[in-house]
Amino acid sequence: MKISILLFAGIAEEIGTRQLEMELPDDTTVGDLLAHLANQYPNAASLLRQSFVSINHEYAAPERPIPPEAEIAIIPPVSGGEEADDHLIITEEPLSADLLIQKVSNPHAGAVLTFVGTVREFTRGRRTVHLEYEAYAPMAIKKMKQITEEISTRWPSARVAMAHRVGRLDIEEISVIIAVATPHRDEAFAAGRYAIERLKAIVPIWKKEKWEDGSEWIGHQQGPWNPMASPETDADPSSGKEQSR
């Protein structure tokens, strides 16, 4: 069968293209595909071993067969314009916290929490010149919607809006905003924390750090990356590690 594969971020750079056309046996699995790509593109092998495959915007297990005529993408470790509805946004335009607050405010809310991620100048002693963000926009929106559904299950009264900017961002510019409205402040803090940690874990958005002396695609920095893993029962604020969006 003939398949088309979308590539992003560091993998696209290592392989030298953003789309591959390949002929594969009909019984090829996700694991087979990654192994084949690692063998064909050894410069990208290390990154491919950390990556997942999406089939029609859903993460796929290694044993899953590759179906013909599906939309296939290789998803390297993620660092989150297109929008599915007015609460979930991927855009190249500057972000507004006031706009997202308006989207979640309602008569039942006694608390509205906003998380705003910004571009900082120094990370672990290195000076950042600017950042570049890239997204697999259709899948990113779908995964953001999944996060809002998970939050609705855990905190039924919560309303959530999320926006992530892509493209070039300079120091102090806003990269991501999450707004959560709930009847009480405790659940607003918990749901907001949950939203940003899940966004980091499963939404296919990548960040490229541009330093004075080089650049690097930055992925997940909180242990082994597995976007198919079930979320933790509770978000523990003490478990977070410092990580710039």
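Start by selecting Leu6, which stands opposite Ala73 in β5.

Before going on, a note on the model: it is predicted, local features need pLDDT of at least 70, side-chain atom pairs count only at pLDDT 80 or more, and totals for chains, interfaces and linings use all residues. Residues are numbered from 1 along each chain as its sequence is written, and side-chain values use heavy atoms, with hydrogens and water left out.

**The five-stranded sheet**

Now colour the strands β2-β1-β5-β3-β4; in that order, they form an open sheet with mixed pairing. At the edges you will find β2 (19-23) and β4 (58-60), each with a single partner strand, so one side of each has no neighbour in the sheet. On average, neighbouring strands here are turned by 35° against each other, direction ignored. For such angles, axes are lines fitted to C-alpha atoms, for helices over the stretch in contact, and angles run from 0 to 180 degrees between N-to-C directions.

Select β3 next. Phe52 and Ser54 on one side, and Val53 and Ile55 on the other, are all buried (buried means under 20% relative accessible area, exposed over 50%, partly exposed in between, with a 1.4 Å probe and protein chains only). Four bridges pair β3 with β5 in the antiparallel sense, and Phe52 has Ile75 as its bridge partner in β5. On to β4: three bridges join β3 to this antiparallel strand, with Ile55 opposite Glu58. The two strands form a hairpin with two residues between them, and Asn56 in the turn has a positive phi of about 50°.

**Helix α2**

Show residues 30-40. This helix, α2, lies across β1, β2, β3, β4 and β5, running at about 110° to β2. Its buried residues are Val30, Leu33, Leu34, Leu37 and Ala38. They cover an arc of only 130° around the axis, which puts them on the same side of α2; the arc is that of the directions from the helix axis to the C-beta atoms.

**Helix α4**

Move to residues 97-104, where Leu100, Lys103 and Val104 are buried. Looking down the axis of α4, you will see its buried residues within an arc of 90°, so they line one face of the helix. Asp98 and Gln102 are exposed on the face turned away from that buried side. The buried residues pack against β7, β8 (111-118), β11 and β13.

**The largest core**

Which residues have the most contacts inside the largest nonpolar core? Select Ile90, Ile147, Ile151, Met162, Ile178 and Val203, in a core of 38 residues. A nonpolar core is a set of buried Ala, Val, Leu, Ile, Met, Phe, Trp, Tyr and Cys residues joined through side-chain atoms within 4.5 Å. Helix α6 gives the largest share, seven residues.

Zoom in on Met162: the residues it touches include Leu100, Met144, Ile147 and Leu199, not counting residues up to four places away in sequence. Contact means heavy atoms within 4.5 Å.

Finish in α6 with Arg198, which is buried at a relative accessible area of 8%. Leaving aside neighbours within four places in sequence, Arg198 is in contact with Gln146, Ile147, Glu150, Val203, Ala229 and Pro231.

Technical notes: Two strands pair if DSSP finds at least two bridges between them.
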